[in-house]
Amino acid sequence: MATTITKTETLVGKRIRRREDPRLITGTATYVDDIQMPGMHHACIVRSPHGAAKIKSINIKPALELPGVAAVFTGKDTEKVGPVPCGASLPGLRVPHHHILAMDRVYFVGHPVAVVVATDRYIARDAAEAIEVEYQPLPAVTDPEKALASGAPAVHPEWPDNTAFTYHQEGGDVDKAFAGADVVVKQRITSQRLIPTAMETRGVVAEWHTGDRALTLYSSTQIPHLLRTLLAQMLGLEENRLRVVTPEVGGGFGSKLNVYAEEALMGFVAMKIGKPIKWIESRRENFTCTIQGRGHVDYYEVAAKRDGTILGIKLKLIQDLGAYHQLLTPAIPTLSVLMMPGLYNCQNIRADIVGVFTNAVPTDAYRGAGRPEATHGIERMVDILAAELKVDPADIRFKNFVSKDAFPYATATGLTYDSGNYAAPLEKALDIVGYKKLRAEQRQARSEGRFLGIGISTYGEICALGPSPATPAGGWESATVKIEPSGKVTVMTGASPHGQGEETTFAQIAADELGVGIDDVLVVHGDTAVVQYGIGTFGSRATAVGGAAMYYAIQELKEKIKKYGAMLLESDDVSFSNGACVDNKTGKSVPLAQIAAASYRAMKLPPNTEPGLVATYFWEPPNFTFPFGAHIVVTEVDRDTGAITLKRYVAVDDCGKLINPLLVEGQVHGGVVQGLGQALWEQAVYDDTGQLITGELMDYALPKASNIPWIETSHTVTPSPVNPLGVKGVGEAGTIGCSPAVVNSVVDALSPLGVRHIDMPLTPEKIWNLVQAGGGKA
Amino acid sequence: MTQNITLTINGKKRSDTVEPRLLLIHYLREVAGLTGPHIACETSLCGACTVHVDGKAIKSCTMFAVQADGRDVLTIEGLAADGKLDPMQEAFWNEHALQCGFCTPGMIMTAKQIVQRNPNPTEEEIRHGLEGNLCRCTGYQHIVNAVKSAAAKA
């Protein structure tokens with residue numbers, strides 16, 4: 001498993017260990033908190049302890065009197081800094097002005113009120129505690145359905161109905177579908193608020209260069225360039241005088257796909273004090289102040305024929321937005337609507353979203369972002385329908401899948417599914433798990449009074465976000481490929497990875513395309529002063545869009561390489577392969593390094609050709625990609641304790657072509673375990689006053705190594721026609737496929753008790769109560 | 001209000017004057033310049049700050065620097081000798097046992113301790129041993145593989 005492989009070997013498709021790992025396993029990588037600068041100060045933020053309150057007064061004097069405290073700033077000081085931006089637009093969207101520090105009112109626990117700047121982080125914390133803020137607490141509301149009820153406390157007094165927007169989408173003839181149905185099943189299904197919990201919390205270091213009027217800002221972000229554009233606006237800086245650097249990023253999962261108040265605040269502080277400033281989010285802050293995910297209450301209705309054919313789907317979606325819109329907050333539930341039909345051929349769809357303000361931290365993109373919720377909804381509903389019609393949950397799925405001959409397939413929600421063979425992964429998963437035998441075991445278990453469950457979920461997702469017209473900020477991606485004078489290859493990608501392994505996968509692709517060794521390629525990312533404008537890494541897009549941009553840049557370079565090769569070989573018939581230009585007539589060849597040297601030395605140039613070997617490509621994808629798959633989970637429920645044992649987990653994913661199966665496996669494992677977290681353990685719980693009562697790792701149940709079953713993975717491969725690499729994306733697949741499979745499994749286990757649906761997380765307490773209510777029958 | 005401490009870190013003796021309230025993790029990172037161990041919770045729940053003190057894996061966010069006076073500390077930076085990776089580091093690399101890498105230094109120190117205590121651990125024993133270290137990226141399976149393979153080679 002060496003990283004050095006001879007250049008004649010194809011690297012794409014191989015299990016190659018990662019090239020970013022040596023710095024990470026030796027503790028020598030640089031994350032934001034590892035940055036030290038002479039004269040650096042430390043910031044600590046004073047935050048609201050109330051879900052809703054008026055600020056009556058702030059006394060900063062006791063803090064300023066402490067030795068080592070350089071400054072304290074409150075909302076009055078930062079009033080002119082631009083609001084925290086909402087990048088999504090919807091008709092009639094109400095957008096509250098989101099100051100970076102609270103003015104006269106706080107809207108959620110953790111709302112920033114003041115910032116202390118001191119010479120060391122201990123003093124900064126001492127001083128933050130010394131600040132006296134007098135609040136007048138107000139009634140709060142944190143449950144989105146309660147917030148919609150008349151007489152509920154108004155989160156923003158100017159909008160007493162707490163409604164930020166409503167959104168309607170319809171396709172086909174829903175009323176006719178329901179009128180002609182043999183059966184209609186209905187269910188309320190929630191997708192609870194989740195806390196993304198990247199292991200590295202957010203952090204910012206900002207350094208103001210007074211003489212140059214330039215700011216350098218290091219931030220743990222997924223989107224360095226977008227952050228620069230938006231932060232420059234907030235701070236009133238010229239964009240080209242703001243450099244954003246993302247050093248090593250310790251996980252994101254969507255929580256760092258944002259522009260946060262603290263990023264602007266640290267820029268502001270650095271400019272005020274003229275010294276470098278560092279702020280590292282505490283875990284407590286990460287729980288209360290970084291975006292959370294999900295937060296759905298969904299009311300589903302599915303109409304079907306007696307044979308199981310799905311005719312129509314209705315959805316009323318209540319989205320808990322929190323107190324403000326962060327970058328994409330209101331757009332996330334619209335992604336759920338797009339994926340409503342899942343993998344099924346159903347052309348009659350109606351969805352109504354209500355976006356609701358609550359006294360809680362905003363929701364936004366978290367791994368899957370709208371798609372896990374949609375998949376959970378449709379996959380639960382299909383199981384409920386199967387139970388209603390007493391048909392096998394696998395059979396009803398086969399019956400309704402979009403046929404493999406139907407691609408490209410236009411959905412009722414306006415998408416065009418690129419390619420697929422939806423039955424293939426389900427067939428494979430059923431085969432791996434031994435479905436028929438398992439059902440026989442289940443019958444046996446039931447006869448012994450045991451609760452054994454088999455849960456199936458199939459899923460589709462929208463990935464490779466995405467065509468620019470369908471995204472809030474441009475959906476293309478960029479790459480610059482440079483062949484240096486020595487023949488070494490430098491790739492600069494606008495996608496800014498944070499654990500996905502693009503330094504390896506992109507190098508595999510580039511090395512194959514250019515016929516060089518993988519160690520001859522270096523992949524650079526995450527510094528706006530070095531890398532051309534890019535969009536970032538999210539939505540399972542980095543390889544499918546960023547990798548494709550790199551591919552096209554290399555194709556341009558190859559043309560140029562051939563021109564230089566032809567000149568050096570004095571031939572008009574040359575080809576480029578295996579890292580050399582070859583004269584097709586004589587067989588004489590000239591290696592890439594020699595061509596590169598000649599191109600920079602430029603003693604002689606081919607006609608109409610510039611010196612150097614550099615190409616930049618901004619690639620606009622013509623469509624999204626649509627990965628899919630099938631997950632099967634076998635569970636057993638302990639009737640005395642309500643505990644769930646995960647006996648088998650089988651994941652068969654189709655993410656198109658696999659660049660590096662080892663890394664794909666890693667993505668699937670990680671995704672599945674985050675899905676298990678949602679299904680079984682995790683839940684952000686706010687009480688009625690707005691307190692986050694799962695505000696620490698002690699109270700918020702993150703999956704641990706000992707809770708996790710062995711995950712059996714497999715693949716089917718249906719290449720995407722959307723990009724030249726044939727890849728679809730895999731970062732979110734595991735999460736999307738997982739939670740409905742688990743819940744379907746446990747509901748299946750408890751179905752002898754008449755259980756039809758259980759909302760997540762499936763805590764032992766919830767399960768035990770269900771078993772008790774079932775009176776111990778079955 | 002400061003105190004002198006003398007300790008051995010990664011085989012080298014050093015002395016410093018520190019505030020009694022300074023946490024060992026902050027001492028290692030900010031005074032000794034060893035930023036390999038990370039801070040991800042400050043409440044001993046996540047394990048990112050795990051180092052060895054006198055041969056025992058501990059969470060350095062819940063120990064004061066002054067408590068390490070006279071003791072022997074090993075951090076992730078002290079594992080590779082003469083440019084050669086420790087077998088556990090090598091195993092994490094081979095098995096793709098890390099993604100963002102933030103939990104990795106602590107995870108490797110814990111993994112080493114698991115194998116030191118039990119040279120031939122079962123999957124269940126490995127998972128139990130890793131319980132105090134959180135990883136949000138990998139789903140733990142490749143970490144389990146890494147510990148197994150390092151144990152098999154030891």
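# Notebook: a predicted model with chains A and B

**Chain B, overall.** I read chain B along its sequence and noted the pattern β-β-α-β-β-β-α-α-α-α. That makes five helices and five strands in chain B. This is a predicted model, and I treat every value here as computed from it. I then looked up the radius of gyration of chain B, which is 15 Å. The globule rule gives 15 Å for 154 residues, so chain B is as compact as a globular protein of that length. I noted a box of roughly 50 × 30 × 25 Å for the C-alpha atoms of chain B, taken along the principal axes. Of its 154 residues, 58% count as buried. I also checked the contacts in chain B between residues at least 6 apart in sequence, and 58% of them join residues at least 24 apart.

**Chain A, overall.** I went through the same headings for chain A. I found 20 helices and 28 strands there. The radius of gyration of chain A is 28 Å, which agrees with the value near 28 Å for a compact globule of 778 residues. Its C-alpha trace spans about 90 × 75 × 45 Å along the principal axes. Buried residues make up 59% of the 778. Among contacts in chain A with a separation of 6 or more, I noted that 80% are between residues 24 or more positions apart.

**The core.** I looked next at the largest nonpolar core, which has 313 residues. Those with the most contacts inside this core are Ala43(A), Val116(A), Val269(A), Ala510(A) and Met550(A). Helix α16 of chain A, residues 542-569, gives the most to the core, with 14 residues. I picked Ala43(A) and listed its contacts, leaving out residues up to four places away in sequence. Among them are Val115(A), Val116(A), Val117(A), Val269(A) and Trp279(A).

**A sheet in chain A.** I found an open sheet of three strands in the order β22-β23-β24 of chain A, with antiparallel pairing. Its edge strands are β22 (574-577) and β24 (589-591), and each pairs on one side only. The twist averages 20° from one strand to the next. I checked β22(A) against β23 (residues 580-583) of chain A and found four bridges between them. Ser575(A) has Val582(A), in β23(A), as its bridge partner.

**Where the chains meet.** I looked up the contact between the chains: it takes 44 residues from chain A and 44 residues from chain B. On the side of chain A, the elements that give two or more residues are α1 (21-25) and α18 (661-681). The largest share, seven residues, comes from α18(A). By class, I noted 20 nonpolar, 14 polar and ten charged residues on that side.

**Helix α2 of chain B.** Which residues of helix α2 (residues 87-94) of chain B are buried? I listed Met88(B), Gln89(B), Ala91(B), Phe92(B) and Trp93(B). These buried residues pack against α1 of chain A together with α3 (104-117) and α5 (141-153) of chain B. After α2(B) comes His96(B), and I noted its positive phi, near 55°.

How values were computed: Residues numbered from 1 in each chain as written. Chains lettered and ligands numbered in written order. Predicted model: local features only at pLDDT ≥ 70, side-chain atom pairs only at ≥ 80, totals over all residues. Contact = placed C-beta atoms within 7 Å. Nonpolar A, V, L, I, M, F, W, Y, C, P; charged D, E, K, R; others polar. Core = buried A, V, L, I, M, F, W, Y, C linked by C-beta atoms within 7 Å. Buried ≥ 20, exposed ≤ 12 C-beta atoms within 10 Å, placed from the backbone. Pairing = 2+ DSSP bridges. Axes fitted to C-alpha atoms, helices over the stretch in contact; angles between N-to-C directions. Rg over C-alpha atoms; globule rule 2.2 N^0.38 Å.
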